[in-house]
Amino acid sequence: MHAEYALLTEEIPAPKCALSFSTPLQLLIATVLSAQTTDKRVNTVTPELFATYPTAAALAAANPADVEAIIHPLGFYRSKTKNLLGLAAALEERFGGEVPRAMEQLTTLPGVGRKTANVVLGNAFGVPGFPVDTHVIRVTGRLRWRADWNAAHPDPVKIEREICACFPPEEWTDLSHRLILHGRAVCHARKPDCAACPLAGTCPSAPILG
């Protein structure tokens, strides 16, 4: 595992969050919007959204139809708008309009689960976090980094705990980024590019997939 991660580190020396943001609130909003769509697409709508609603108070007071019009290209815009207005109102009511820095508080916000909270903690606050998305699930499974690698419906929380137990906390955020970026660029869901993969020599799935 650690030898393979060393190769991933060489392949992706400076990983970073693909979502564009400049404040914790912006990252929280962008991460909620990224569900069921790509970070690249989210980045096309957030400049207008952030400029129109620069604070939690402004977003909480927004007309839902106006927010829906901005984020419409992302899909699921009605439910996402409901979550955004709900979390903005919760931030105002319970946290003084500021994004909290603790998992337990973040996950009380509408539309915010452990994955979103870990993204915000790791990238906005420098608090160790290991977001588990579909890429992380796929890559760790193919590499056999976890016991339930062939489970039909793997548990993201269990994966988070199992992988984090093998790495120091200061590596968790970059580790997640590298697995996600590797999954997007090389270890694709349907047709992985094993010929271009630096881990092909040790990956137990490479002979099957490649």
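What share of the contacts in the chain with a separation of 6 or more comes from residues 24 or more positions apart? Such residues account for 58% of those contacts, a contact being heavy atoms within 4.5 Å. This is a predicted model, in which local features need pLDDT of at least 70 and side-chain atom pairs count only at pLDDT 80 or more, while totals for chains, interfaces and linings use all residues. Residues are numbered from 1 along each chain as its sequence is written, and side-chain values use heavy atoms, with hydrogens and water left out.

**Overall build**

- The chain has 12 helices and 0 strands; helices (H or I, at least four residues) and strands (E, at least two) are DSSP runs, numbered from the N terminus.
- Read from the N terminus, the order of elements is α-α-α-α-α-α-α-α-α-α-α-α.
- Along the principal axes, the C-alpha atoms fill a box of roughly 55 × 30 × 30 Å.

**Surface and charge**

- Of the 210 residues, 48% count as buried; buried means under 20% relative accessible area, exposed over 50%, and partly exposed in between (1.4 Å probe, protein chains only).
- The chain exposes about 10300 Å², and carbon and sulfur atoms supply 55% of this area. Accessible areas come from the Shrake-Rupley method with a 1.4 Å probe, and for residues only the protein chains shown count as cover.
- There are 20 positive and 20 negative side chains, and the centres of the two sets lie 7 Å apart. Lys and Arg count as positive and Asp and Glu as negative, with His and the chain ends not counted; the place of a charge is NZ of Lys, CZ of Arg, CG of Asp or CD of Glu.

- Helix 2 spans residues 24–33 and is largely enclosed by the rest of the structure, because 9 of its 10 residues are buried.
- The buried residues of helix 2 are L25, Q26, L27, L28, I29, A30, T31, V32 and L33.
- These buried residues pack against helix 3 (39–52), helix 4 (56–60), helix 5 (64–71), helix 6 (77–95) and helix 8 (114–124).

- D39 is part of helix 3 and counts as buried, at 13% relative accessibility.
- Leaving out residues up to four places away in sequence, D39 touches A18, L19, S34 and R184.
- A57 sits in helix 4 and is partly exposed, at 35% relative accessibility.
- Between the C-alpha atoms of A57 and L121 there are 22 Å; the two residues are 64 residues apart along the chain.

**Loop residues**

- Most residues other than glycine have a negative phi.
- F76 has a positive phi of about 50 degrees although it is not a glycine.
- F76 is in the loop between helix 5 and helix 6 and counts as exposed, at 54% relative accessibility.
- R144, also a residue other than glycine, has a positive phi near 60 degrees.
- The loop that holds R144 runs between helix 9 (134–142) and helix 10 (156–164), and R144 is partly exposed with a relative accessible area of 28%.
- G97 lies in the loop between helix 6 and helix 7 (103–106); its relative accessible area is 15%, so G97 is buried.
- G97 touches A56, L91 and E92, not counting residues up to four places away in sequence.

**Cysteines**

- A search of the whole structure finds 0 disulfides, a disulfide being a pair of cysteine sulfur atoms within 2.5 Å.
- C187 is in no disulfide, and the nearest cysteine sulfur, that of C197, is 6.5 Å away.
- C187 is buried, with a relative accessible area of 10%.
- For C17, the closest cysteine sulfur is in C164, at 17 Å, which is too far for a bond.
- C17 counts as buried, at 15% relative accessibility.
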